[in-house]
Amino acid sequence: MGRSGRAGGPSVVGGRPLIITEDPVLLDDLLRLCAAAGAEPHVHHAVPGPDPADGARVEGAGWESAPLVLVGDDAARRVRGAPRRDGVFLVGRELDDPLVWQRALEIGAEEVLRLPDAEGRLVDRIADVVEGAGRPALAVGVIGGSGGAGASTLACALALRAARAGERTILIDGDPLGGGMDVLLGGESAVGLRWPDFAGSRGRVGARALAESLPELHALRVLSWDRGDRVVVPPAAMRSVVAAARRRGGVVVVDLPRRVDEAVAEVLAQLDLVLMVVPGELRSVAAAGRVAAGVRMAARDVRVVVRGRGPGGLDPEAVAGLLGAPLAGEVPVEVGLPGRVAEGEPPGAQGRGALARFCDGFWQRVLGSAQGVTA
(Lines give C-alpha, C1' and ligand atoms only; values in the text may rest on other atoms or scores of the structure.)
Protein backbone atom coordinates (compact mmCIF):
# COMPACT_ATOMS: atom_id res chain seq x y z
CA MET A 1 0.00 0.00 0.00
CA GLY A 2 1.20 3.47 -0.74
CA ARG A 3 0.05 6.82 0.51
CA SER A 4 0.15 10.16 -1.22
CA GLY A 5 2.27 12.75 0.54
CA ARG A 6 0.67 16.12 0.00
CA ALA A 7 3.43 18.71 -0.08
CA GLY A 8 1.31 21.65 -1.21
CA GLY A 9 2.00 23.97 -4.12
CA PRO A 10 1.15 23.45 -7.76
CA SER A 11 1.45 20.11 -9.47
CA VAL A 12 1.91 19.15 -13.10
CA VAL A 13 -0.01 16.28 -14.67
CA GLY A 14 2.44 13.43 -15.12
CA GLY A 15 5.14 15.57 -13.53
CA ARG A 16 4.97 14.32 -9.93
CA PRO A 17 8.07 12.67 -8.43
CA LEU A 18 7.84 9.26 -6.77
CA ILE A 19 9.23 8.78 -3.24
CA ILE A 20 9.95 5.28 -1.93
CA THR A 21 10.82 5.09 1.77
CA GLU A 22 9.53 3.92 5.17
CA ASP A 23 11.86 6.23 7.11
CA PRO A 24 9.55 8.89 8.64
CA VAL A 25 12.37 11.41 9.20
CA LEU A 26 13.65 11.06 5.64
CA LEU A 27 10.11 11.24 4.29
CA ASP A 28 9.49 14.50 6.13
CA ASP A 29 12.69 15.93 4.64
CA LEU A 30 11.75 14.85 1.11
CA LEU A 31 8.22 16.22 1.42
CA ARG A 32 9.68 19.51 2.64
CA LEU A 33 12.04 19.69 -0.35
CA CYS A 34 9.21 18.82 -2.74
CA ALA A 35 7.17 21.65 -1.23
CA ALA A 36 10.09 24.04 -1.75
CA ALA A 37 10.16 23.01 -5.42
CA GLY A 38 6.38 23.30 -5.80
CA ALA A 39 5.87 19.56 -6.32
CA GLU A 40 3.27 17.14 -4.93
CA PRO A 41 4.88 13.69 -4.86
CA HIS A 42 3.51 10.17 -4.75
CA VAL A 43 4.80 8.19 -1.76
CA HIS A 44 5.19 4.39 -1.60
CA HIS A 45 6.94 1.95 0.71
CA ALA A 46 8.06 -0.31 -2.16
CA VAL A 47 8.09 -0.35 -5.95
CA PRO A 48 4.52 0.33 -7.15
CA GLY A 49 3.12 -1.89 -9.84
CA PRO A 50 2.61 -0.79 -13.45
CA ASP A 51 0.05 1.94 -14.04
CA PRO A 52 -3.18 0.14 -15.01
CA ALA A 53 -4.54 0.82 -18.45
CA ASP A 54 -7.93 1.72 -17.04
CA GLY A 55 -6.44 4.73 -15.24
CA ALA A 56 -7.50 3.50 -11.78
CA ARG A 57 -4.23 4.72 -10.37
CA VAL A 58 -3.21 8.38 -10.57
CA GLU A 59 -1.21 9.08 -13.73
CA GLY A 60 2.55 9.12 -13.18
CA ALA A 61 2.45 7.14 -9.91
CA GLY A 62 4.14 4.01 -11.28
CA TRP A 63 7.85 3.17 -11.17
CA GLU A 64 8.27 3.48 -14.92
CA SER A 65 5.96 6.46 -15.50
CA ALA A 66 7.15 8.78 -12.72
CA PRO A 67 9.49 11.46 -14.10
CA LEU A 68 11.78 11.26 -11.05
CA VAL A 69 12.22 8.54 -8.40
CA LEU A 70 13.71 9.27 -4.97
CA VAL A 71 14.61 6.02 -3.19
CA GLY A 72 15.37 6.21 0.50
CA ASP A 73 18.46 4.30 1.56
CA ASP A 74 16.21 2.21 3.79
CA ALA A 75 14.25 1.04 0.74
CA ALA A 76 17.15 0.20 -1.58
CA ARG A 77 16.90 -3.54 -1.01
CA ARG A 78 13.15 -3.52 -1.69
CA VAL A 79 13.73 -1.69 -4.98
CA ARG A 80 16.37 -4.15 -6.17
CA GLY A 81 15.11 -5.95 -9.26
CA ALA A 82 12.89 -3.13 -10.49
CA PRO A 83 13.21 -2.31 -14.21
CA ARG A 84 16.18 -0.07 -14.99
CA ARG A 85 15.28 3.52 -15.87
CA ASP A 86 16.70 7.04 -15.84
CA GLY A 87 16.00 9.56 -13.11
CA VAL A 88 16.51 7.35 -10.03
CA PHE A 89 18.34 8.83 -7.01
CA LEU A 90 19.33 7.09 -3.78
CA VAL A 91 18.74 9.50 -0.89
CA GLY A 92 19.61 9.29 2.79
CA ARG A 93 20.97 11.16 5.76
CA GLU A 94 23.75 8.76 6.78
CA LEU A 95 25.40 7.58 3.61
CA ASP A 96 28.93 7.05 4.92
CA ASP A 97 28.44 3.29 4.63
CA PRO A 98 30.83 2.18 1.86
CA LEU A 99 28.20 -0.32 0.67
CA VAL A 100 25.86 2.53 -0.25
CA TRP A 101 27.51 2.76 -3.67
CA GLN A 102 26.90 -0.94 -4.21
CA ARG A 103 23.22 -0.46 -3.33
CA ALA A 104 23.02 2.47 -5.73
CA LEU A 105 24.53 0.35 -8.50
CA GLU A 106 22.09 -2.46 -7.80
CA ILE A 107 19.06 -0.21 -8.31
CA GLY A 108 20.53 1.73 -11.23
CA ALA A 109 20.65 5.06 -9.39
CA GLU A 110 22.15 8.00 -11.25
CA GLU A 111 23.53 9.52 -8.06
CA VAL A 112 23.75 9.14 -4.29
CA LEU A 113 22.45 12.23 -2.48
CA ARG A 114 23.24 12.85 1.18
CA LEU A 115 21.01 15.22 3.11
CA PRO A 116 21.29 17.98 4.17
CA ASP A 117 24.35 18.64 1.96
CA ALA A 118 22.53 17.86 -1.31
CA GLU A 119 19.27 19.68 -0.52
CA GLY A 120 19.87 22.46 -3.04
CA ARG A 121 20.66 20.06 -5.87
CA LEU A 122 17.64 17.92 -5.04
CA VAL A 123 15.29 20.91 -5.03
CA ASP A 124 16.62 21.87 -8.47
CA ARG A 125 15.97 18.39 -9.88
CA ILE A 126 12.46 18.27 -8.43
CA ALA A 127 11.69 21.76 -9.73
CA ASP A 128 12.84 20.69 -13.20
CA VAL A 129 10.12 18.05 -13.10
CA VAL A 130 7.48 20.55 -12.01
CA GLU A 131 8.45 22.96 -14.79
CA GLY A 132 8.57 20.20 -17.34
CA ALA A 133 12.16 21.14 -18.07
CA GLY A 134 13.35 19.58 -21.30
CA ARG A 135 16.30 20.51 -23.43
CA PRO A 136 17.76 23.81 -22.19
CA ALA A 137 17.68 26.84 -24.46
CA LEU A 138 20.48 27.50 -26.89
CA ALA A 139 22.11 30.51 -25.22
CA VAL A 140 24.03 32.94 -27.42
CA GLY A 141 25.86 36.02 -26.19
CA VAL A 142 26.76 39.00 -28.37
CA ILE A 143 29.59 41.36 -27.44
CA GLY A 144 31.25 44.24 -29.21
CA GLY A 145 34.94 43.87 -29.89
CA SER A 146 35.20 47.66 -29.95
CA GLY A 147 33.00 50.63 -29.24
CA GLY A 148 30.20 51.14 -31.76
CA ALA A 149 30.66 47.71 -33.33
CA GLY A 150 26.91 47.10 -33.47
CA ALA A 151 26.64 44.28 -30.93
CA SER A 152 23.29 45.44 -29.52
CA THR A 153 21.89 45.76 -33.02
CA LEU A 154 22.95 42.20 -33.84
CA ALA A 155 21.65 40.82 -30.52
CA CYS A 156 18.27 42.43 -31.11
CA ALA A 157 18.09 41.16 -34.68
CA LEU A 158 19.08 37.62 -33.68
CA ALA A 159 16.35 37.48 -31.05
CA LEU A 160 13.74 38.96 -33.39
CA ARG A 161 14.55 36.54 -36.22
CA ALA A 162 14.52 33.55 -33.85
CA ALA A 163 11.09 34.56 -32.55
CA ARG A 164 9.75 35.05 -36.08
CA ALA A 165 11.02 31.59 -36.97
CA GLY A 166 8.83 30.17 -34.21
CA GLU A 167 11.46 29.73 -31.51
CA ARG A 168 10.53 30.50 -27.90
CA THR A 169 12.88 33.44 -27.33
CA ILE A 170 14.12 35.57 -24.45
CA LEU A 171 16.36 38.59 -25.12
CA ILE A 172 18.43 39.60 -22.08
CA ASP A 173 20.06 43.02 -21.86
CA GLY A 174 23.29 42.43 -19.96
CA ASP A 175 24.65 45.93 -20.51
CA PRO A 176 23.24 48.48 -18.02
CA LEU A 177 24.94 51.34 -19.89
CA GLY A 178 23.73 50.34 -23.33
CA GLY A 179 20.55 52.40 -23.48
CA GLY A 180 18.07 49.54 -23.10
CA MET A 181 17.06 46.72 -25.43
CA ASP A 182 13.41 47.54 -24.76
CA VAL A 183 14.06 50.98 -26.26
CA LEU A 184 15.62 49.41 -29.35
CA LEU A 185 12.46 47.33 -29.71
CA GLY A 186 10.21 50.34 -29.16
CA GLY A 187 8.86 49.03 -25.86
CA GLU A 188 10.35 51.21 -23.13
CA SER A 189 6.87 51.81 -21.68
CA ALA A 190 5.75 48.16 -21.93
CA VAL A 191 4.45 46.60 -18.74
CA GLY A 192 6.70 44.02 -17.10
CA LEU A 193 9.68 43.53 -14.82
CA ARG A 194 13.18 44.87 -15.45
CA TRP A 195 16.59 43.93 -14.06
CA PRO A 196 16.32 45.97 -10.84
CA ASP A 197 13.26 43.88 -9.90
CA PHE A 198 15.47 40.78 -9.88
CA ALA A 199 18.43 42.30 -8.01
CA GLY A 200 17.49 40.50 -4.80
CA SER A 201 16.99 37.09 -6.39
CA ARG A 202 18.71 34.21 -4.64
CA GLY A 203 18.60 30.52 -5.42
CA ARG A 204 16.29 29.19 -8.08
CA VAL A 205 14.03 31.43 -10.18
CA GLY A 206 11.05 29.76 -11.83
CA ALA A 207 11.44 29.57 -15.61
CA ARG A 208 7.77 30.02 -16.40
CA ALA A 209 7.32 32.76 -13.81
CA LEU A 210 10.31 34.64 -15.21
CA ALA A 211 9.05 34.57 -18.78
CA GLU A 212 5.52 35.58 -17.84
CA SER A 213 6.79 38.54 -15.80
CA LEU A 214 8.78 40.10 -18.67
CA PRO A 215 7.50 42.51 -21.33
CA GLU A 216 6.51 40.77 -24.57
CA LEU A 217 7.67 42.71 -27.61
CA HIS A 218 7.52 41.48 -31.22
CA ALA A 219 6.72 37.89 -30.08
CA LEU A 220 9.70 37.63 -27.75
CA ARG A 221 10.26 38.25 -24.05
CA VAL A 222 12.71 40.99 -23.09
CA LEU A 223 14.63 41.51 -19.85
CA SER A 224 16.05 45.02 -19.96
CA TRP A 225 16.95 47.84 -17.59
CA ASP A 226 14.62 50.51 -16.32
CA ARG A 227 15.33 54.22 -16.48
CA GLY A 228 16.53 54.35 -12.85
CA ASP A 229 20.01 54.69 -11.41
CA ARG A 230 20.73 51.03 -10.63
CA VAL A 231 23.41 49.67 -12.94
CA VAL A 232 24.57 46.68 -10.89
CA VAL A 233 22.88 43.33 -10.33
CA PRO A 234 24.65 40.91 -7.95
CA PRO A 235 26.36 37.95 -9.62
CA ALA A 236 24.09 35.46 -7.80
CA ALA A 237 21.00 37.16 -9.23
CA MET A 238 22.50 37.21 -12.73
CA ARG A 239 23.27 33.50 -12.46
CA SER A 240 19.77 32.61 -11.21
CA VAL A 241 17.92 34.63 -13.83
CA VAL A 242 19.95 33.39 -16.81
CA ALA A 243 19.65 29.80 -15.57
CA ALA A 244 15.87 30.20 -15.38
CA ALA A 245 15.77 31.62 -18.92
CA ARG A 246 17.74 28.63 -20.19
CA ARG A 247 15.46 26.11 -18.47
CA ARG A 248 12.52 27.55 -20.40
CA GLY A 249 13.99 26.12 -23.60
CA GLY A 250 14.09 27.62 -27.07
CA VAL A 251 16.60 30.43 -27.59
CA VAL A 252 18.20 32.94 -25.21
CA VAL A 253 20.15 35.90 -26.63
CA VAL A 254 22.23 38.05 -24.27
CA ASP A 255 23.59 41.49 -25.16
CA LEU A 256 26.89 41.69 -23.24
CA PRO A 257 28.93 44.68 -22.07
CA ARG A 258 32.56 44.86 -23.16
CA ARG A 259 33.81 44.88 -19.56
CA VAL A 260 33.86 41.41 -18.00
CA ASP A 261 33.21 41.66 -14.27
CA GLU A 262 32.07 38.96 -11.84
CA ALA A 263 28.40 39.26 -12.82
CA VAL A 264 29.16 39.09 -16.55
CA ALA A 265 31.42 36.08 -15.93
CA GLU A 266 28.42 34.30 -14.38
CA VAL A 267 26.49 34.91 -17.59
CA LEU A 268 29.36 33.88 -19.88
CA ALA A 269 29.70 30.57 -18.05
CA GLN A 270 26.12 29.66 -19.01
CA LEU A 271 26.34 30.57 -22.70
CA ASP A 272 26.76 27.98 -25.42
CA LEU A 273 28.61 30.42 -27.63
CA VAL A 274 29.59 34.08 -27.80
CA LEU A 275 29.57 36.13 -31.00
CA MET A 276 32.12 38.94 -30.94
CA VAL A 277 31.22 41.71 -33.38
CA VAL A 278 34.30 43.34 -34.90
CA PRO A 279 34.50 46.00 -37.62
CA GLY A 280 36.90 44.97 -40.38
CA GLU A 281 39.68 47.44 -39.65
CA LEU A 282 42.93 47.11 -37.75
CA ARG A 283 42.25 49.43 -34.82
CA SER A 284 39.01 47.62 -33.98
CA VAL A 285 40.76 44.27 -34.19
CA ALA A 286 43.39 45.47 -31.72
CA ALA A 287 40.66 46.52 -29.28
CA ALA A 288 38.82 43.23 -29.82
CA GLY A 289 41.90 41.27 -28.86
CA ARG A 290 41.78 42.73 -25.37
CA VAL A 291 38.06 42.06 -25.04
CA ALA A 292 38.49 38.51 -26.28
CA ALA A 293 41.13 37.78 -23.65
CA GLY A 294 38.65 38.59 -20.88
CA VAL A 295 35.75 36.75 -22.49
CA ARG A 296 37.75 33.55 -23.02
CA MET A 297 38.39 33.28 -19.28
CA ALA A 298 34.73 32.33 -18.76
CA ALA A 299 33.21 31.49 -22.17
CA ARG A 300 33.52 28.07 -23.76
CA ASP A 301 33.11 29.08 -27.43
CA VAL A 302 33.91 32.50 -28.91
CA ARG A 303 33.33 33.23 -32.60
CA VAL A 304 33.88 36.34 -34.70
CA VAL A 305 31.29 38.27 -36.69
CA VAL A 306 32.85 40.88 -38.97
CA ARG A 307 30.64 43.95 -39.30
CA GLY A 308 31.20 45.86 -42.52
CA ARG A 309 34.39 46.32 -44.49
CA GLY A 310 35.61 49.75 -45.57
CA PRO A 311 38.05 50.55 -48.36
CA GLY A 312 41.36 48.96 -47.53
CA GLY A 313 39.84 47.10 -44.61
CA LEU A 314 40.67 43.57 -43.51
CA ASP A 315 38.78 40.66 -44.99
CA PRO A 316 36.75 38.51 -42.53
CA GLU A 317 39.16 35.57 -42.56
CA ALA A 318 42.05 37.87 -41.69
CA VAL A 319 40.11 39.37 -38.77
CA ALA A 320 39.25 35.95 -37.38
CA GLY A 321 42.85 34.80 -37.86
CA LEU A 322 44.25 37.77 -35.98
CA LEU A 323 41.88 37.10 -33.09
CA GLY A 324 42.48 33.35 -33.10
CA ALA A 325 38.76 32.54 -33.21
CA PRO A 326 36.45 30.83 -35.71
CA LEU A 327 34.62 33.06 -38.16
CA ALA A 328 30.83 33.00 -37.72
CA GLY A 329 30.25 35.20 -40.75
CA GLU A 330 30.15 38.73 -42.10
CA VAL A 331 27.35 41.27 -41.76
CA PRO A 332 27.62 43.88 -44.53
CA VAL A 333 26.67 47.45 -43.79
CA GLU A 334 22.94 47.78 -44.38
CA VAL A 335 22.08 51.07 -46.05
CA GLY A 336 19.23 52.87 -44.30
CA LEU A 337 19.21 50.70 -41.18
CA PRO A 338 20.07 53.50 -38.68
CA GLY A 339 17.29 55.66 -40.08
CA ARG A 340 14.71 52.88 -39.87
CA VAL A 341 15.73 52.10 -36.28
CA ALA A 342 15.40 55.79 -35.39
CA GLU A 343 11.87 55.69 -36.79
CA GLY A 344 10.97 52.76 -34.53
CA GLU A 345 11.65 49.74 -36.72
CA PRO A 346 13.62 47.10 -34.75
CA PRO A 347 16.84 45.73 -36.28
CA GLY A 348 16.18 42.64 -38.36
CA ALA A 349 12.50 43.40 -38.90
CA GLN A 350 12.95 43.52 -42.67
CA GLY A 351 13.51 39.93 -43.72
CA ARG A 352 15.13 40.97 -47.01
CA GLY A 353 17.88 43.04 -45.35
CA ALA A 354 21.49 41.93 -44.94
CA LEU A 355 21.21 41.79 -41.16
CA ALA A 356 18.10 39.60 -41.24
CA ARG A 357 19.66 37.28 -43.82
CA PHE A 358 22.74 36.82 -41.64
CA CYS A 359 20.60 36.03 -38.59
CA ASP A 360 18.36 33.59 -40.45
CA GLY A 361 21.39 31.77 -41.84
CA PHE A 362 23.03 31.67 -38.43
CA TRP A 363 20.00 30.06 -36.76
CA GLN A 364 19.59 27.57 -39.59
CA ARG A 365 23.18 26.44 -39.17
CA VAL A 366 23.28 26.37 -35.38
CA LEU A 367 19.81 25.08 -34.58
CA GLY A 368 19.90 22.66 -37.46
CA SER A 369 23.17 20.99 -36.47
CA ALA A 370 22.58 18.35 -33.81
CA GLN A 371 19.72 20.40 -32.35
CA GLY A 372 22.04 23.21 -31.30
CA VAL A 373 25.47 23.63 -29.80
CA THR A 374 26.53 21.15 -27.16
CA ALA A 375 26.39 22.74 -23.74
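User: What does the side-chain oxygen of Glu281 reach at the start of H10?

Analyst: In this predicted model, a side-chain oxygen of Glu281 comes to within 3.1 Å of the backbone nitrogen of Arg283, at the start of H10. Helices here are DSSP runs of H or I with at least four residues, strands are runs of E with at least two, and both are numbered from the N terminus.

User: And what does the side-chain oxygen of Asp23 reach at the start of H1?

Analyst: There, a side-chain oxygen of Asp23 lies within 3.0 Å of the backbone nitrogen of Val25. Just after H1, Gly38 adopts a positive phi of about 75°.

User: Which residues of H10 are buried?

Analyst: The buried residues of H10 are Ser284, Val285, Ala287, Ala288, Val291, Ala292 and Val295, where buried means under 20% relative accessible area with a 1.4 Å probe, counting protein chains only.

User: What covers them?

Analyst: The cover over the buried residues of H10 includes strands E7 (138-144), E12 (273-279) and E13 (302-307), together with helices H9 (262-268) and H11 (316-323).

User: What is Val295 in contact with, leaving aside neighbours within four places in sequence?

Analyst: Val295 is in contact, meaning heavy atoms within 4.5 Å, with Ile143, Val260, Leu268, Val274, Met276 and Val302. Val295 is also among the residues with the most contacts inside the largest nonpolar core, alongside Ile172, Trp195, Leu256 and Val274.

User: How many residues does that core have, and which helix gives the most to it?

Analyst: The largest nonpolar core has 44 residues, and helix H8 (residues 235-247) gives the most, with six. A nonpolar core is a set of buried Ala, Val, Leu, Ile, Met, Phe, Trp, Tyr and Cys residues joined through side-chain atoms within 4.5 Å. Apart from this core lies another, of 36 residues, including Val140, Leu171, Leu220 and Phe358.

User: Switching to the whole chain, what percentage counts as buried?

Analyst: Of the 375 residues of the protein, 53% count as buried, and the protein has 13 helices and 14 strands.

User: Which conventions should I keep in mind?

Analyst: Residues are numbered from 1 along each chain as its sequence is written, and side-chain values use heavy atoms, leaving out hydrogens and water. Local features need pLDDT of at least 70 and side-chain atom pairs count only at pLDDT 80 or more, whereas totals for chains, interfaces and linings use all residues.

How values were computed. Buried means under 20% relative accessible area, exposed over 50%, partly exposed in between (1.4 Å probe, protein chains only). A polar contact is a pair of N or O atoms within 3.5 Å; within protein, one must be able to donate a hydrogen and the other to accept it, and residues adjacent in sequence count only if both atoms are side-chain atoms.
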